[in-house]
Structures are given as structure tokens and as C-alpha cells.
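Please keep the sequence and the model in view while reading.

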Amino acid sequence: MEKPFIYMDNAATTKTSDSCFNAMLPYIQQNYGNPSSIYSIAHVAKAAVEGARKKASAAIGALPEEIFFTSCATESDNWAIKCGAKLGLDQGKNQIITTNFEHHAVLNACKNLESNGFEVIYLPVDKDGLISPKQVEEAITEKTALVTVMYANNEIGTVLPIPEIGAICRQKGVLFHTDAVQAIGHVEIDVHKQNIDMLSISGHKIHAPKGVGLLYVNKKINLPNLLDGGAQERGRRGGTENVAYIVALGQALEDCAKNIEVREKKIEILRNKIVESVLNEVPKVRVNGSMKHRLSGNVNFSFEGVEGESILLLLDSFGICASSGSACTSGSLDPSHVLLAIGLPHETAHGSLRISLCAENTEKEVDYVIETIPKVISRLREMSPVWNG
Ligand code: PLP
């Protein structure tokens with residue numbers, strides 16, 4: 001029998017959709033002009049970038065002039081955090097508030113600020129992988145330059161109370177950034193209604209290609225530049241625009257804002273089938289993170305007595321792509337900082353499996369996965385020196 005190919009690692013990256021691929025193609029070999037030039041193919045390219053800006057702004061309730069295209073969400077996060085901090089410093093503020101389970105793009109930008117004299121408060125998430133708006137409220141002082149809290153966690157998929165945190169920051173006059181890389185397309189986002197000052201998005205998590213992202217910046221904020229250069233992005237982010245990929249990102253955002261409820265419900269039903277089956281079929285397993293406040297396509301299991309890496313290798317041999325921890329840190333032997341943050345012991349934090357679905361996944365694929373996981377876990381446990389179940 002031919003080995004199937006089942007991709008359930010959509011939190012790591014997604015397949016470029018037909019609609020994004022078709023939208024970007026004319027800007028590679030046909031309308032390849034530099035948007036800053038003055039002849040026709042350049043005008044076409046410039047118009048395409050502005051069209052993408054409109055689509056992107058409409059998808060998140062922003063104004064087109066509040067959208068700045070970047071090379072990835074890591075750049076967007078660094079820009080918002082380092083330059084948001086700089087704005088605060090100009091007003092004598094040197095404190096940043098974040099959580100202890102952010103993506104490394106945020107955590108390491110904060111570490112950089114710490115080494116430059118900032119105080120960073122890492123709010124602890126609870127055992128369900130959540131923080132409360134009250135924790136943020138109590139942490140804010142007159143020294144707080146910026147609050148940065150992720151919209152949804154990339155490993156355990158928990159969705160944080162961003163509109164409520166935004167309201168507190170607005171009331172206290174503190175700048176508020178959220179990394180919405182995992183949430184966008186899965187949760188309704190309206191930056192103005194939700195009091196969000198800055199928000200980061202990555203193309204490759206929503207079926208656009210890798211290497212394009214954006215930062216939304218509320219028009220009232222005069223955020224200093226991270227990249228100084230030419231006049232692109234109204235002088236706020238130098239560098240010749242990645243036209244084709246920007247077009248794809250605009251398309252992806254337009255696509256994912258459509259039918260969000262219906263699509264997410266379908267994904268959730270498939271995800272719940274996996275959760276129920278694994279909890280029934282496999283002993284000594286737990287689901288990490290709140291099931292109530294969670295992205296519809298995410299589940300993160302910890303299996304006692306087995307290593308995450310070995311689960312992934314064996315699943316791969318069955319044609320299933322999943323992940324253990326985030327894609328950026330797999331390959332490192334450190335236990336997941338997210339699982340440690342929700343209170344798991346080191347040995348359990350090493351043995352996790354993240355499955356992340358998208359709308360393309362089918363019931364047939366789910367059935368194969370739920371048939372395979374128990375086989376994989378019991379085979380690994382038979383070989384495990386630490387399993388005594
Ligand atoms: N933030 C979160 C929550 C992510 O999941 C990721 C990617 O895994 C990033 C930021 C970084 O995105 P990019 O790959 O576009 O730099």
C-alpha cells in the first residue's frame with residue numbers, strides 16, 4: 001500500500017493556496033517592475049501592493065495607511081517591541097509587560113531590551129495556558145512603556161483575552177501590541193474595536209508563502225523605524241517591496257476573513273474527534289491547555305514515558321506530519337518553555353505532540369491519524385526504559 005501523506009502541522013506552516021498562488025503569479029515574470037519606478041509595469045506593481053494593503057486592512061478592521069508590509073512576523077514583532085519601547089523611553093518609561101509563554105520572536109526581543117536597561121515583567125500563565133486581564137492591570141505602572149501579549153499560543157493553541165487586555169491598556173494609556181500569527185484566520189479580529197495598537201501577522205501561517213508579514217500600527221502612533229532605508233512603506237520600512245508575496249498575503253487575508261465561523265466549526269469537529277479518540281484509546285495521556293479558550297484546529301498531547309521526537313519520527317514513517325513544540329525550536333533538546341510555563345515537569349514537557357489542522361484536512365485523514373497514534377505510542381512505550389505503565 002502506498003504511504004499516505006497527511007499534513008497536520010499547519011501551526012508550523014501552511015501550503016500556499018491556489019488563490020494566493022494564482023494571485024501572485026502575474027507579479028513574478030510579467031509585472032515585475034519596481035513599485036517605485038515610473039513606467040507601466042511598475043505602476044501595475046505599485047497598484048497591486050496598494051490593493052493588497054486594502055485587503056489586509058479590511059480583514060482586520062484597520063485603515064490601509066495603518067498596514068506596513070514586512071519580511072515576516074519575527075520582523076513585525078521586533079519592530080513593534082523594540083521601537084515601541086523606544087517611544088516609551090522618550091517619555092521616561094522603561095518597563096515592558098509580556099507573558100512567559102510568548103513565541104521566541106517576542107521573548108528574545110524582550111531579552112534584547114533587558115540587556116539595554118529595560119525591566120521586563122513576564123506574567124506567568126496558569127495551568128490552562130491563560131492569563132487574566134487583571135494580571136495585566138495589576139502589573140501596569142507609570143513606568144510601563146508597552147504591553148505585548150500573544151493572541152493565541154503557537155504550541156498549545158490557547159486564545160488569550162486580547163480585547164479585554166486592550167481595553168485596560170487603552171484606559172491606562174499604555175501601548176498595546178499583540179502577536180496574532182496563530183490567531184488570524186481562526187478568530188475574529190478587529191483592531192479598532194479590540195483596542196489593539198499594534199498587531200503582527202505572518203503570511204505562511206495562512207496559506208501565503210513564507211517570507212512575508214505585516215505590522216498594523218494604529219495611525220495615532222508615531223512608531224520609530226526598525227529598518228531605515230528608502231521611501232517604501234511611506235518611509236517607515238525601507239526595502240523594495242516583495243510585490244508577489246505581498247499580493248499573496250493580501251489574498252490570504254481576504255480569503256481567511258470569509259466564512260470564518262463555518263470553516264472553524266468544521267475544523268473543530270475534526271479536532272474534537274482526534275481528542276476524544278486519543279483520550280479513549282491511549283492510557284496516561286493529557287491534553288495541554290484549556291479546551292474552552294483554544295484555536296479550533298489545535299491539540300497538544302503529552303504522553304507519559306515517550307519522547308516527542310520519537311513520536312514525530314514514527315508518525316512520519318506512517319506519512320503523518322505533526323510537530324512537538326514550535327517549528328522554530330524543534331531540533332533543540334530543550335523542553336518546551338510553553339509546557340514548562342503551564343507547570344508540566346521536564347520529562348512531560350519533552351513528550352508532547354502538537355497536531356494543527358486546517359480546512360483542507362478531511363475526515364478520512366483524521367480516521368487514519370486516530371488509528372495510527374495508539375499504535376505509535378504503544379510501540380514506543382514497549383521500547384521505553386522509563387515507561388512502567
Ligand atoms: N509568532 C508566532 C506566535 C509564531 O507562531 C511564529 C512562527 O512560528 C512567529 C511569531 C514567527 O513568524 P515568522 O516565521 O513569519 O517569522
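The points below are grouped by topic. The model is predicted. A search of the whole structure finds 3 aromatic pairs, and the largest pocket holds about 450 Å³ of space.

**Aromatic pairs**

- One of the pairs joins F5 and Y7, whose ring centres are 6.5 Å apart; their planes meet at 25°, so this pair is stacked, given that the cut-off for stacking is under 30 degrees.
- F5 is exposed, because its relative accessible area of 61% is over 50%.
- Y7 has a relative accessibility of 23% and therefore counts as partly exposed.
- Another pair joins F68 and W79, with ring centres 5.7 Å apart and planes at 70°, so it is edge-to-face.
- This pair links distant parts of the chain: F68 belongs to strand β2 (residues 67–70) and W79 to helix α3 (residues 73–90), 11 residues apart.
- F68 and W79 are both buried.

**A charge over a ring**

- R381 places its charged end over the ring of W387, at 4.0 Å from the ring centre.

**The largest pocket**

- The largest pocket is lined by 27 residues, and those closest to its centre are H186, H207, R263, C358 and A359.
- Helices α7 (243–257) and α8 (260–281) each contribute at least two residues to this lining.
- By type, the lining of the largest pocket consists of 11 nonpolar, 11 polar and 5 charged residues.

- G185 is found in the loop that runs between β6 (175–179) and β7 (198–202).
- G185 is buried, because its relative accessible area of 5% is under 20%.
- Leaving aside residues up to four places away in sequence, G185 touches C256, I260, R263 and E264.
- R263, one of these contacts of G185, is also among the residues closest to the centre of the largest pocket.
- Between G185 and K266 there are 81 residues in sequence and 14 Å in space, taken from C-alpha to C-alpha.

**Helix α9**

- Helix α9 spans residues 308–317, and its residues G308, I311, L312, L314 and L315 are buried.
- The elements that cover the buried residues of α9 include the strands β10 (298–303), β11 (320–321) and β12 (352–356), together with helix α12 (363–383).
- Just after α9, G319 adopts a positive phi of about 85°.

Key
Residues numbered from 1 in each chain as written. Predicted model: local features only at pLDDT ≥ 70, side-chain atom pairs only at ≥ 80, totals over all residues. Heavy atoms only, no water. Buried < 20%, exposed > 50% of the residue type's maximum accessible area, 1.4 Å probe, protein only. Helix = DSSP H or I, 4+ residues; strand = E, 2+ residues; numbered from the N terminus. Contact = heavy atoms within 4.5 Å. Phe/Tyr/Trp six-rings, centres within 6.5 Å; stacked < 30°, edge-to-face > 60°. Lys NZ or Arg CZ within 6 Å of the ring centre and 35° of its normal. 1 Å grid on protein atoms, 1.4 Å probe; cavity = no way out; pocket = protein on both sides within 12 Å on 5 of 7 lines; lining within 4 Å. Points joined across faces, edges and corners; volume = space filled by probe spheres on them. Nonpolar A, V, L, I, M, F, W, Y, C, P; charged D, E, K, R; others polar.
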